[in-house]
Amino acid sequence: MPETHKLTLPVVELARENDEFRKVLWTGDKTQLVLMAIPEGGEIGGEVHEGHDQLLYFVAGSGTAKIGETECEVADGDVSIVPSGVFHNFRNTGSGMLKLFTTYSPPEHAPGTEHATKAQADARE
């Protein structure tokens, strides 16, 4: 699915229907909207975004968030805030996919980026 030009989206529904590891929905000059799905036992992978703030909104499943030195459980309805320059990782510790949508400010990925799996994302990033 190519990026949308719509400015109003049923993002929770889209995130719950998404089975791809990463799918960029919309990219602006200062913000980007991305869907993510993490399989059972999977993770996003530890990383640091220099110059990018990230918000992650969980819509299905459960997992563990590590942001800086803090670790906590996350589930449907939670949001995690990752300030620029802070190490973070999110792991799926539940059954079924951990699904979310995330925003990056400014954009982190090339417009239209799609990765079916984490392995594909790692190979292309």
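These legends describe close-up views of one predicted model. Residues are numbered from 1 along each chain as its sequence is written, and side-chain values use heavy atoms, with hydrogens and water left out. Local features need pLDDT of at least 70, side-chain atom pairs count only at pLDDT 80 or more, and totals for chains, interfaces and linings use all residues.

**View 1. Asn92 in strand 7.** Asn92 belongs to strand 7, residues 88-92. (Strands are DSSP runs of E, at least two residues, and helices are runs of H or I, at least four; both are numbered from the N terminus.) Asn92 is buried, at 4% relative accessibility. (Buried means under 20% relative accessible area, exposed over 50%, and partly exposed in between, with a 1.4 Å probe and protein chains only.) A polar atom of the Asn92 side chain lies 2.9 Å from the backbone oxygen of Gly96. Beyond its neighbours within four places in sequence, Asn92 is in contact (heavy atoms within 4.5 Å) with residues including Ile38, Ser62 and Leu98.

**View 2. Strand 7 beside strand 4.** Strand 4 covers residues 62-67 and runs antiparallel to strand 7. Five bridges join the two. (Strands pair if DSSP finds at least two bridges between them.) Ala65 stands opposite Phe90 of strand 7. Four of the five residues in strand 7 are buried.

**View 3. Two aromatic pairs.** The structure holds two aromatic pairs. (Rings of Phe, Tyr and Trp, the last by its six-membered ring, pair if their centres lie within 6.5 Å; planes under 30 degrees apart are stacked, over 60 edge-to-face, the rest tilted.) Tyr57 and Phe101 are stacked, 4.7 Å centre to centre with 15° between the planes. Tyr57 sits in strand 3 and Phe101 in strand 8, so this pair ties together parts 44 residues apart in sequence. Tyr57 is partly exposed at 26%, while Phe101 is buried at 12%. Phe58 and Phe90 form a tilted pair, at 5.9 Å and 45°. Phe58 lies in strand 3 and Phe90 in strand 7, so the parts tied together are 32 residues apart in sequence. Both Phe58 and Phe90 are buried.

**View 4. Salt bridges.** The whole structure has four salt bridges. (Each is a side-chain nitrogen of Lys or Arg within 4 Å of a carboxyl oxygen of Asp or Glu.) In one of them, Asp76 meets Arg16, with the closest N and O atoms 3.5 Å apart. Asp76 lies in the loop between strands 5 and 6 and Arg16 in helix 1, so the pair ties together parts 60 residues apart in sequence. Another joins Arg91 to Glu71, at 3.4 Å. Arg91 is partly exposed at 34%, and Glu71 is partly exposed at 48%.

Key: A polar contact is a pair of N or O atoms within 3.5 Å; within protein, one must be able to donate a hydrogen and the other to accept it, and residues adjacent in sequence count only if both atoms are side-chain atoms.
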